[in-house]
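Dear colleague,

Please find the structure we spoke of below. My notes on the chain come after it.

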Amino acid sequence: MPGIRDDDGRLIEPYTFESVYTQPDGIRVQVVITIPAGEWWQDVQEAGEIAQMAASRALTHINAQIKASNERVPF
């Protein structure tokens, strides 16, 4: 029986948290955090908040790079 199972033989799934931001101009940032079964902690949902923060910061950084690039070499 592949996968991690509990004492009753039920498959234990990992926690997966996903955050996706898509801008109207088509730029899309996706962050996925997977916590393996057996590595959970009491406040494992905090990983979802971390995914949201990471995606938001990535999008902010990407927009800053695009703005700086357009200022250097406007088309």
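Predicted model: local features only at pLDDT ≥ 70, side-chain atom pairs only at ≥ 80, totals over all residues.

The chain holds one helix and two strands, and from the N terminus on the order is β-β-α. Its radius of gyration is 19 Å, whereas the globule rule gives 11 Å for 75 residues, so the chain is more spread out than a compact globule. Along the principal axes, the C-alpha trace spans about 65 × 25 × 20 Å. Among contacts with a separation of 6 or more, 42% join residues 24 or more positions apart.

Of the 75 residues, 19% count as buried. The largest nonpolar core is made up of six residues: Ile27, Val29, Val31, Ala51, Ala55 and Leu59. Both β2 (28–35) and α1 (46–72) supply at least two residues of this core, and α1 gives the most, with three. As background, nonpolar side chains tend to be buried together in soluble globular proteins.

Which residues does Ala55 contact, leaving aside its neighbours within four places in sequence? They are Ser19, Tyr21, Val29 and Val31. Two of these, Val29 and Val31, are listed with Ala55 in the core.

Regards

How values were computed: Residues numbered from 1 in each chain as written. Heavy atoms only, no water. Core = buried A, V, L, I, M, F, W, Y, C linked by side-chain atoms within 4.5 Å. Buried < 20%, exposed > 50% of the residue type's maximum accessible area, 1.4 Å probe, protein only. Helix = DSSP H or I, 4+ residues; strand = E, 2+ residues; numbered from the N terminus. Contact = heavy atoms within 4.5 Å. Rg over C-alpha atoms; globule rule 2.2 N^0.38 Å.
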